[in-house]
Amino acid sequence: MKSYLFVSFLLALSLVYRSNGFCFKVDWQIHILNGLAKKLLIHPTSNDGKDLGSHLLNYGDDFVWQFCENYGNVYYSTFFMDYLANRTVYNYEIERNCYQGIRTGSCYWLVRLDGFYLNGKNTPFPGGGWVKYYNW
């Protein structure tokens with residue numbers, strides 16, 4: 001019986017283990033998709049000091065980062081087009097719009113000339129659940 005419990009414990013740990021530690025809540029992936037007909041410069045950062053650097057996205061490019069949700073995680077990104085716009089790309093409210101009911105969550109941001117669209121899945125635009133979340 002003790003060996004059964006030990007094996008069950010190891011199996012449970014393997015389900016939540018990540019290469020950078022344990023994730024007891026949700027393992028998130030944030031995608032920023034460039035839907036502009038020109039290049040887009042982005043610079044994502046978090047409220048806890050993570051700086052993901054600047055990234056230049058061509059039309060159709062997808063910049064992705066992953067993190068384990070902790071209480072109070074907030075990610076921002078500065079988007080540079082002809083002018084810049086600083087937008088929140090992950091927080092509790094956004095999480096509720098993206099969460100699909102599994103331990104891995106994905107938020108897709110599609111940047112277009114008329115604004116920023118959010119979806120929990122990468123479905124074809126304009127249908128498939130895309131919601132306009134911000135204007136430029």
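**Salt bridges, cores and ring pairs in a predicted model**

Aspartate 114 is partly exposed, at a relative accessible area of 36%. Here buried means under 20% relative accessible area and exposed over 50%, with partly exposed in between (1.4 Å probe, protein chains only). The model is predicted: local features need pLDDT of at least 70, side-chain atom pairs count only at pLDDT 80 or more, and totals for chains, interfaces and linings use all residues. Residues are numbered from 1 along each chain as its sequence is written, and side-chain values use heavy atoms, with hydrogens and water left out.

Aspartate 114 and lysine 132 meet through their side chains in a salt bridge, 3.9 Å from N to O. This pair links distant parts of the chain: aspartate 114 sits in the loop between strand 9 and strand 10, and lysine 132 in strand 11, 18 residues apart. A salt bridge requires a side-chain nitrogen of Lys or Arg within 4 Å of a carboxyl oxygen of Asp or Glu. Strands (E, at least two residues) and helices (H or I, at least four) are DSSP runs numbered from the N terminus. Lysine 132 is partly exposed, at 37% relative accessibility. Aspartate 114 also forms a salt bridge with arginine 112, where the closest N and O atoms are 4.0 Å apart. Arginine 112 is partly exposed too, at 29%. The count of salt bridges comes to two.

Aromatic contacts were examined next. The structure holds eight aromatic pairs. Rings of Phe, Tyr and Trp (its six-membered ring) pair if their centres lie within 6.5 Å; planes under 30 degrees apart count as stacked, over 60 as edge-to-face, and the rest as tilted. Phenylalanine 116 and tyrosine 134 have ring centres 6.1 Å apart and planes at 85°, so this pair is edge-to-face. Phenylalanine 116 lies in strand 10 and tyrosine 134 in strand 11, so the pair ties together parts 18 residues apart in sequence. Phenylalanine 116 is buried, at 0% relative accessibility. Phenylalanine 125 and tryptophan 130 form another edge-to-face pair, with 6.3 Å from centre to centre and 65° between the planes. Phenylalanine 125 is partly exposed at 30%, whereas tryptophan 130 is buried at 10%. Ring pairs also link Trp109, Phe116, Tyr133, Tyr134 and Trp136 into a cluster.

Phenylalanine 125 has a further feature. A cis peptide bond joins phenylalanine 125 to proline 126, with omega about 15°. Most peptide bonds are trans. Proline 126 is placed in the loop between strand 10 and strand 11 (131-134).

The largest nonpolar core has 23 residues, of which Ile30, Ile32, Phe79, Cys107, Trp109, Val111 and Phe116 touch the most other members. At least two core residues come from each of strand 3 (27-34), strand 4 (40-46), strand 6 (62-68), strand 8 (84-90), helix 2 (92-98), strand 9 (104-112) and strand 10. Another core lies apart from it, with five residues, among them Leu33, Tyr108, Tyr117 and Trp130. A nonpolar core is a set of buried Ala, Val, Leu, Ile, Met, Phe, Trp, Tyr and Cys residues joined through side-chain atoms within 4.5 Å. Isoleucine 30 touches Phe63, Val64, Trp65, Phe67, Val89, Tyr90, Cys107 and Trp109, residues up to four places away in sequence not being counted. Contact means heavy atoms within 4.5 Å.

Strand 4 pairs with strand 5 (residues 55-57) in the antiparallel sense, over three bridges. Pairing requires at least two DSSP bridges between two strands. Leucine 41 stands opposite leucine 56 in strand 5.

Asparagine 119 lies in strand 10 (residues 115-119) and is buried, at 7% relative accessible area. The asparagine 119 side chain reaches the backbone oxygen of glycine 128 at 2.9 Å. Beyond four places in sequence, asparagine 119 touches Cys98, Ser106, Cys107, Tyr108, Gly128, Gly129 and Trp130. Glutamine 66, in strand 6, is partly exposed at 40%. Its side chain joins that of glutamine 29 in a polar contact of 3.3 Å. A polar contact is a pair of N or O atoms within 3.5 Å; within protein, one must be able to donate a hydrogen and the other to accept it, and residues adjacent in sequence count only if both atoms are side-chain atoms.
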